[in-house]
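Here is a short report on a protein structure. Look at the model first, then read on.

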Amino acid sequence: MIRLLLRDLTLALRAGGGFGLGLGFFLILVTLVPFGVGPNSERLAAIAPGILWVGALLACLLSLDRIFALDYEDGSLDLLATAPVPLEGLVAMKALAHWITTGLPLVIAAPFLGVLLHLDTDAYRWLIITLLIGTPALSIIGAFGAAITVGLKRGGLLMSLLVLPLYIPTLIFGAEVVRRGARGFEVTTPLLMQAGITAGAIAMLPFAAAAAIRIALR
Amino acid sequence: MASIWEWANPRKFMAWTDKALPVIAVAAAVLFVAGLVWGFFFVPDDYRQGATVKIFYIHVPSAMIAINAWLMMLVASLIWLVRRHHVSVLAAKAAAPIGLVMTLIALASGAIWGKPMWGTYWEWDPRLTSFLILFLFYAGYLALWEAIEDPDTAADLTSVLCLVGSVFAVLSRYAVNFWNQGLHQGASLSLDKQENVADVFWYPALVSLAGFVLLFIALVLLRTRTEVRARRLHAIEMRERVQG
């Protein structure tokens, strides 16, 4: 399992393109928003939590099809499926690798981009905390979406249609925590709900994703 | 009709629906028309909402069908995954577009009612938002069916998607509750009649609801029969290609 994780990380680092692509997209998105809504700092501050969360969501989505598609094309997914590691474990490791290469950089970059959007000072820690809690859910849900579309010719666009609705609960609670944090309100409930969604997704979706891969490889 | 599992046999399903479908369809048409005519012409205007209240006879039944169609798809998908009955998954496939259209009808009729009553076509109210999300789920489910060529693979993957989607649809429903306060009224047709509508509105609503349910059943059966026939045609073509 650790080997698998290291393999995926190395591939992501050396193959180029995947790593940092999501981050660049995130940066561009955040740069574009002020052009769209105007440079008024109060207005930017008001929408900053939502923009940062939606940006993180889309950046995550961008790199999802790499999770299984490359391995499926060159046949290594077949080998991995017959390996003594359970497929569920493979999915979990793939999702973890995706999180390390996409989710974690987003968490680190988000506060800096928050400065660009005049995010309230109080909201920074909540932004980091919710992204830390929420992005693993994005990765594992995305792994499920990638698994279900792995055998398809043009799966990318379809996958976004399938995955984005599944991201809604995480987005709602994540942005809600940041918004409340910015105004200094109580944040415990949405934070716990978000953590619950992440925990539930990690517990259940590897099984669903593994089932989908077994079907695709049949 | 010994048990519902008899229907797992496509031939028995076809034979039974061949007889039942006309009956159900006629009953659906009669109740549907009766409910709507009763609702539109023989029910007094509401003292505050005027004639707009009558859109209720389309709005509420279509919304209920929209939700319950997904539930039916969930059950049918589970039956397919557990017992591998083709008719079951074909019924799920047949129900999806109907659910999609019902969701659209509920959204559109709600918007038409909302403009004079709430002063807006659309409001990010929890119920409205979750219906929009439901619409997206239907769209994703249908798109996945369309995208996969092999029918059994498509059936399996869409069933898995339906199961996972159900969990997230429920999650979204409660998440949006949390996210915004509601403008939409609560349940108006619940069985404990504390806060329900008056009888004069209630009976045509029941008729209309029955009409919609039967319409849904008739459409699902019809579409499932079409799917079964399409499968048979496909099988015949394959056989001919092998022989010729």
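This is a predicted model: local features need pLDDT of at least 70, side-chain atom pairs count only at pLDDT 80 or more; totals for chains, interfaces and linings use all residues.

## Two helices side by side

Helix H3 of chain A covers residues 41–62, and helix H7 of chain A covers residues 123–148. Their axes come within 10 Å and cross at roughly 30°. Angles under 35 degrees count as roughly parallel, so H3(A) is roughly parallel to H7(A). The crossing of H3(A) past H7(A) is right-handed.

Which residues make the contact? H3(A) brings A:Pro49, A:Leu52, A:Ala56, A:Leu57, A:Cys60 and A:Leu61. H7(A) brings A:Ala123, A:Leu127, A:Leu131, A:Thr135, A:Leu138, A:Ser139 and A:Gly142. Sorted by class, the contact of H3(A) with H7(A) holds 10 nonpolar and three polar residues. It has no charged residues.

## The largest nonpolar core

The largest nonpolar core has 140 residues. Which members touch the most others? They are A:Ala147 and A:Ala212.

Now follow A:Ala147. Set aside its neighbours within four places in sequence. A:Ala147 is then in contact with A:Phe68, A:Val91, A:Ala209, A:Ala212 and A:Ile213. In soluble globular proteins, nonpolar side chains tend to be buried together.

## Chain B

Turn to chain B. What is its secondary structure? Chain B has six helices and zero strands. From the N terminus on, its elements read α-α-α-α-α-α.

Chain B has 244 residues, and 37% of them count as buried. Next, take the contacts in chain B between residues at least 6 apart in sequence. Of these, 76% join residues at least 24 apart.

Terms used: Residues are numbered from 1 along each chain as its sequence is written. Chains are lettered from A and ligands numbered from 1 in the order in which they are written. A nonpolar core is a set of buried Ala, Val, Leu, Ile, Met, Phe, Trp, Tyr and Cys residues joined through C-beta atoms within 7 Å. A residue is buried if 20 or more other C-beta atoms lie within 10 Å of its own, exposed if 12 or fewer, and partly exposed in between; C-beta atoms are placed from the backbone. Two residues are in contact if their C-beta atoms, placed from the backbone, lie within 7 Å. Axes are lines fitted to C-alpha atoms, for helices over the stretch in contact, and angles run from 0 to 180 degrees between N-to-C directions. Helices (H or I, at least four residues) and strands (E, at least two) are DSSP runs, numbered from the N terminus. Angles under 35 degrees count as roughly parallel, over 145 as roughly antiparallel, 65 to 115 as roughly perpendicular and the rest as oblique. A crossing is left-handed if the near helix is turned anticlockwise from the far one by less than a right angle, and right-handed if clockwise. Ala, Val, Leu, Ile, Met, Phe, Trp, Tyr, Cys and Pro count as nonpolar, Asp, Glu, Lys and Arg as charged, and the others, Gly among them, as polar.
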